[in-house]
Structures are given as structure tokens and as C-alpha cells.
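Morning, everyone. One structure today, and a quick walk through it. Please have a look at the screen.

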Amino acid sequence: QQQQQQQGTARADLLQQHLDQERARASSAEQQLQDLRHRVRDLEAAVDQAQGAQRRAANLQDQVTELRTALATERATVDGLRAQQAQQQENHHLALQQVEQRFELQATSLRTQLEQQQQRRQQQQQ
């Protein structure tokens, strides 16, 4: 009977060891699961940050495109104004040439009149 008790005790001790080992494995597996959950949360947060950065980059790209379009429009406006200014300068130059020609014609006409008056006076004095 004592031998049976010792065998029963030994078997109980062995079962207790197996139970303790299984509890340790379960605890280890639970810890690994917790670690994996934390890692998944960290990765999800990193993905969210990356997606946010990607959205911001896309918004910046849209802004760059808008600015380039606005710049092209402004350049076209400036080019148009420069062409208009050049045409106005040309028109002004032509108008000045016409005025100069008129003044030269008037000056020539006045000289001719003066010469004719002087010739008449000389003729009258003779």
C-alpha cells in the first residue's frame, strides 16, 4: 500500500510538472500574443501615419500643379502686356515721326515764306 501511495504521489508530482509546464507554455504564448497585438497596433499606427503623409504629399502636389498653372497664366499675361507695350511704343514712335515730318514741312514752308517776303522787300526797295 505504501508503494501504491508513492507511485500515486510520483504520478501526481509528474502530472503537476506537466501542468506547470503547460501553464508556462500558455503564459509564454499569451505574452507572445500580447506582443504581437502591440506590434500590430504599432504597424497600424505606422500605416496611418504613412497614409496621412501620402495624403499631405498628394495635397502638396495638387498645390504645386495649381501654382504652376497660375504661374503659366501670369507669364502669358506678362507676355501679352509686353507685346501690347511694344506695339504702343511702336505706335508712339510712328506718331512722333509724323509730328516731326509735319514740323519739318511747316518749318520749310515758313522758311520759303520768309524768303519770299525778303525777296519782295528787296524788290520793293530797289
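L33 sits in helix α1. Helices here are DSSP runs of H or I with at least four residues, strands are E runs of at least two, and both are numbered from the N terminus. L33 is partly exposed, at 35% relative accessible area. The cut-offs: buried is under 20%, exposed is over 50%, and partly exposed is in between, with a 1.4 Å probe and protein chains only. Now take L33 with Q97. They are 64 residues apart along the chain, and their C-alpha atoms are separated by 94 Å.

A word on the source. This is a predicted model, where local features need pLDDT of at least 70 and side-chain atom pairs count only at pLDDT 80 or more, while totals for chains, interfaces and linings use all residues. Residues are numbered from 1 along each chain as its sequence is written, and side-chain values use heavy atoms, with hydrogens and water left out.

What about burial? Of the 126 residues, 1% count as buried. The protein exposes about 11,900 Å², and carbon and sulfur atoms supply 49% of that. Those areas come from the Shrake-Rupley method with a 1.4 Å probe; for residues, only the protein chains shown count as cover.

Another position: R75. Helix α1, residues 2-125, contains R75. Is R75 buried or exposed? Exposed, at 53% relative accessibility. From R75 to Q106 is 31 residues in sequence and 46 Å in space, C-alpha to C-alpha.

Last, pairing. Side chains of opposite charge can pair when their charged atoms come close. A search of the whole structure finds one salt bridge. The term means a side-chain nitrogen of Lys or Arg within 4 Å of a carboxyl oxygen of Asp or Glu. Which side chains meet in it? R25 and E22, at 2.5 Å, N to O. Both lie in helix α1, three residues apart, about one turn of the helix. E22 is partly exposed, with 43% relative accessible area.

That's the tour. Thanks.
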